[in-house]
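Subject: Structure for you to look at

Hi,

Here is the structure I said I would pass on. Have a look at it first, and then read my notes below.

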Amino acid sequence: MNAICGPTLMLIESMFFHLRSPKPAMQPQSMARIAAFAAACLAVSHSPAQAEVDYATEIKPLLAKRCYSCHGPDQSESGLGLHQAETSITEGDSGEQLIVPGDPDSSHLLERIVANDDYELMPPEGEPLSEVEVELVRRWIEEGATFTKHWAYEPVQDVAPPSIADAIQNHVAVQAKSNGESVQIDPVVEAWAESNHPIDAFLLDSLLAGGLTPNAPADRQTLIRRVTLDLTGLPPTPSEVAEFIRDDSPNAYENLIERLLQSPHYGERWGRHWLDLVRYAETNSFERDNPKPNAWKYRDYVIRSFNEDKPYDQFVKEQLAGDLVDDVTTESLTATGYYRLGIWDDEPADPLQARYDELDDLVAVTGQTFLGLTINCARCHDHKIDPIPQTDYYGMLAFFADVSRYGTRGDQISNNQIDVSKPGLNGAYAKLDAEQRKLEEKATQIEQDGITKMSAPDQRATEGPKRQRQRILEKKLRPLLTTDQRKRYDEIKSALNLVAKKRQELPNREQVLGLGKLKPIEETFVLFRGNPHSPTDSVTPRFPEIFKETPREMTPDERRRVFAEWVTSQDNRLSSRVMANRIWQHHFGRGIVRSPNNFGGLGVPPTHPELLDYLANRLADGGWKLKDMHRLICTSQAYQMSSEINEASSSIDPGNDLFWKFDSRRLSAEEVRDSILAVNESLNRDTYGPSFYPTLSAEVLAGQSKPGQGWGDSSEAERNRRSVYIHVKRSLLTPLLSAFDFPEPDTTCEARFATLQPGQAMSLLNSDFIHEEAGKLAKSVRSRLPEDSDNRAFVSAVIEQVLMRPALDVEIKEGVELIDELTKEYEVSPERANALYALSVMNWNEFVFVF
């Protein structure tokens with residue numbers, strides 16, 4: 001499944017026409033088709049006993065996508081709605097009953113989805129339901145058509161890992177019965193059993209039940225590259241690979257994981273995942289796209305929090321209510337920069353509409369990031385799929401009633417900048433400010449006395465801009481003053497210069513982006529169709545009704561704190577699941593729930609719900625420590641599997657839903673750039689600090705309304721820093737990163753696309769950046785080789801430095817031939833030929849992919 005940035009809600013074309021007239025009993029050909037579908041589905045079953053069909057994970061998503069547009073919560077044509085039991089089981093206007101629990105043959109729904117007549121067949125447009133889908137609906141009706149509650153709205157279950165021994169025993173029994181002979185246990189299965197790892201227990205149980213066995217372990221060179229990139233976003237060095245391969249101690253792999261988790265680069269890698277979710281950028285978007293001062297300090301807060309292994313619940317509380325916690329610190333105030341990351345229009349046509357658009361963005365990002373709920377879908381009407389009424393949307397919005405707008409056209413600082421200077425510093429500045437005001441008042445009195453003696457044009461000129469006034473005073477004031485006035489004026493100017501000098505000697509005031517000023521809390525109303533100019537009923541802060549919880553007693557200025565405490569409560573059935581799923585997602589390429597921002601009805605059901613609940617409990621019960629979750633996942637046999645394709649397994653589970661192999665992946669945008677800098681040894685590994693500006697071509701800068709505006713010029717050392725420190729300007733994203741699917745930062749990004757498209761090849765073959773870095777790589781390799789080394793030694797060294805493995809003979813042969821061809825046939829200089837060969841290696845799949 002492709003990764004998708006932001007929430008997507010697509011209601012596929014309608015499934016049923018109006019059912020206006022009574023229909024005859026089910027036609028024989030339709031009944032025959034149902035029988036054929038059932039036989040076909042039963043034939044592909046790998047287990048003699050099928051599990052009971054689950055409405056929440058199997059039936060509801062199917063009906064939502066194919067039926068709800070005409071027979072759902074928004075409209076129920078012919079009085080028939082499939083979103084709840086009451087409207088599905090009762091008779092429609094035509095007298096037909098869509099669903100007769102326990103009796104598929106009498107259920108009109110089944111008749112219509114297998115009808116031979118195009119007029120009768122549902123859905124009326126698009127592909128008919130597949131044989132497997134029809135069989136699923138038939139079995140569900142046969143089993144009683146129970147409308148169970150959606151899985152994500154149920155409390156997290158206290159699940160114990162299944163017994164691996166029992167799973168193997170059941171597997172052996174089934175295979176023996178099927179084959180009529182004894183079954184040999186796969187050595188890989190035996191290894192999983194010996195590891196006794198809880199994650200492996202869950203996965204092996206489902207793998208064996210599905211007739212699958214896991215892949216063999218990856219080799220050590222593959223494994224160290226995989227885990228190093230996953231945890232730090234950087235490739236290992238050749239020496240680190242060689243050392244790990246040589247290390248035969250029993251704890252070598254665990255020690256490797258620990259070293260990576262203690263690296264400052266861990267926070268840079270995993271902090272970037274979080275920045276995707278909260279749509280981090282350093283400018284406001286729209287035409288002017290002005291900068292957000294000190295936005296980089298929020299980015300550093302995130303990176304530092306991951307490096308320090310800050311408990312996730314504390315991390316969340318600081319962002320949602322860092323100014324309201326018991327111990328308010330510079331760090332917790334910096335965390336409230338979360339509220340200032342969204343887009344902001346400094347000149348809206350409708351200021352009230354703009355205000356509610358910003359609040360909607362906040363509700364959307366908060367609901368999806370922390371809870372995995374698309375609460376924002378209820379802005380204009382009750383949620384179409386999930387049980388989230390419009391009052392729930394505005395009840396959540398009421399928690400944020402004190403969040404002021406980012407700024408105003410005339411003041412783009414006060415609301416979003418918090419002074420966090422050291423105690424006493426503001427007092428020192430205030431004393432100098434007061435002294436300066438007094439001196440300026442005295443100077444102004446003398447100046448005004450002189451101005452009265454000037455000509456009328458000069459007097460009018462002093463009433464103009466400050467710079468013009470100062471120019472007139474410098475030229476014409478002194479001759480018009482008395483001797484005593486000149487003396488006092490000079491003394492005042494000297495005193496002002498002394499004040500300015502004292503101010504320069506003081507440390508700079510420190511400010512952070514955050515909730516600089518709050519908005520007075522006003523009554524919150526449900527808005528008719530989301531229109532801020534049409535308020536209806538008043539609403540107070542409330543949690544979504546699916547949780548059946550009410551906020552505790554609170555004062556108005558406690559609202560965000562109460563909300564933050566609820567989000568991070570161990571009883572919250574979504575917070576721990578959502579974060580556990582995200583950690584899994586970034587290790588395995590996709591989550592146990594493949595729609596990590598949407599755990600609702602149109603989200604993808606979990607492939608392993610018991611495993612998800614187990615991980616959620618481990619996270620919460622373990623003090624919300626994320627590094628412990630990394631240790632747990634990375635030490636599993638499942639994570640250490642090979643990514644090799646097994647044809648037999650692929651035929652059973654082509655999507656790898658059961659995790660029988662490790663899914664290879666393309667490097668992320670930042671990993672591509674950072675890996676290039678790492679292998680040519682030019683990477684600046686300094687952490688934290690203001691963002692830098694990579695060099696952009698004039699053609700790229702010309703894409704702005706004012707070319708080059710807001711784009712700085714950083715030193716080469718700064719430009720060699722990691723990509724997470726690149727200045728993120730919404731209207732001018734770095735082209736190399738964009739080519740490799742860097743997300744648009746206007747909305748939350750749950751998972752990036754991982755495309756393979758021509759722009760990537762152009763960037764890695766033709767850009768000025770890659771040619772410059774390839775030259776550095778060639779020089780780096782040559783500098784370590786003896787002066788008399790030939791091209792064979794050079795080719796071998798390049799491959800080892802880039803791919804962290806010995807070069808194959810055929811690779812050396814082809815590399816030497818390429819260099820010879822460039823120098824002899826195309827008369828390229830040896831240095832340039834070396835650089836071009838180095839460039840070619842950085843384009844190999846082995847460099848751009850993690851296996």
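To start with arginine 279: does it count as buried or exposed at its relative accessibility? With a relative accessibility of 2%, arginine 279 counts as buried. Keep in mind that this is a predicted model.

Arginine 279 sits in the loop between α13 and α14, and it comes after α13 with a positive phi, near 45°. Most residues other than glycine have a negative phi. Arginine 279 is not a glycine, yet its value is positive.

At the start of α13, serine 263 gets a side-chain oxygen to within 3.0 Å of the backbone nitrogen of histidine 265.

Leaving aside residues up to four places away in sequence, aspartate 300 touches Tyr688, Gly689 and Tyr725. With glycine 689 there is a polar contact to look at: a polar atom of the aspartate 300 side chain lies 2.7 Å from the backbone nitrogen of glycine 689.

Tyrosine 688 is in the loop between α28 (669–679) and α29 (698–701). Its phi is positive, about 70°, although tyrosine 688 is not a glycine. Tyrosine 688 has a relative accessible area of 21%, which means it is partly exposed.

Next, the rings. How many aromatic pairs does a search of the whole structure find? The search gives 34. Here are two of them.

- Phenylalanine 563 and tryptophan 566 make a tilted pair, 5.9 Å centre to centre with 45° between the planes. These two are three residues apart in helix α23 (residues 559–567), so about one helical turn separates them. Both phenylalanine 563, at 1% relative accessibility, and tryptophan 566, at 5%, count as buried.

- Phenylalanine 588 and phenylalanine 662 have ring centres 6.2 Å apart and planes at 45°, so this pair is tilted as well. Phenylalanine 588 lies in helix α24 (residues 575–588), while phenylalanine 662 is in the loop between α27 (647–652) and β5 (665–666), so the pair ties together parts 74 residues apart in sequence. Phenylalanine 588 is buried at 3% relative accessibility, and phenylalanine 662 is buried at 2%.

Last, a pair of helices. Two packed helices are described by the angle between their axes and the distance between the axes. For α9 (residues 198–209) and α25 (residues 609–621), the angle is about 170° and the axes are 10 Å apart. Angles over 145 degrees count as roughly antiparallel, so that is how α9 and α25 run relative to each other. On the α9 side the contact is made by Pro198, Ile199, Phe202 and Leu203, and on the α25 side by Glu610, Leu611, Tyr614, Leu615 and Arg618. By class, this contact has seven nonpolar residues, two charged ones and no polar ones.

That's it from me.

Cheers

Terms used. Residues are numbered from 1 along each chain as its sequence is written. This is a predicted model: local features need pLDDT of at least 70, side-chain atom pairs count only at pLDDT 80 or more; totals for chains, interfaces and linings use all residues. Side-chain values use heavy atoms; hydrogens and water are left out. Axes are lines fitted to C-alpha atoms, for helices over the stretch in contact, and angles run from 0 to 180 degrees between N-to-C directions. Helices (H or I, at least four residues) and strands (E, at least two) are DSSP runs, numbered from the N terminus. Angles under 35 degrees count as roughly parallel, over 145 as roughly antiparallel, 65 to 115 as roughly perpendicular and the rest as oblique. Contact means heavy atoms within 4.5 Å. Ala, Val, Leu, Ile, Met, Phe, Trp, Tyr, Cys and Pro count as nonpolar, Asp, Glu, Lys and Arg as charged, and the others, Gly among them, as polar. A polar contact is a pair of N or O atoms within 3.5 Å; within protein, one must be able to donate a hydrogen and the other to accept it, and residues adjacent in sequence count only if both atoms are side-chain atoms. Rings of Phe, Tyr and Trp (its six-membered ring) pair if their centres lie within 6.5 Å; planes under 30 degrees apart count as stacked, over 60 as edge-to-face and the rest as tilted. Buried means under 20% relative accessible area, exposed over 50%, partly exposed in between (1.4 Å probe, protein chains only).
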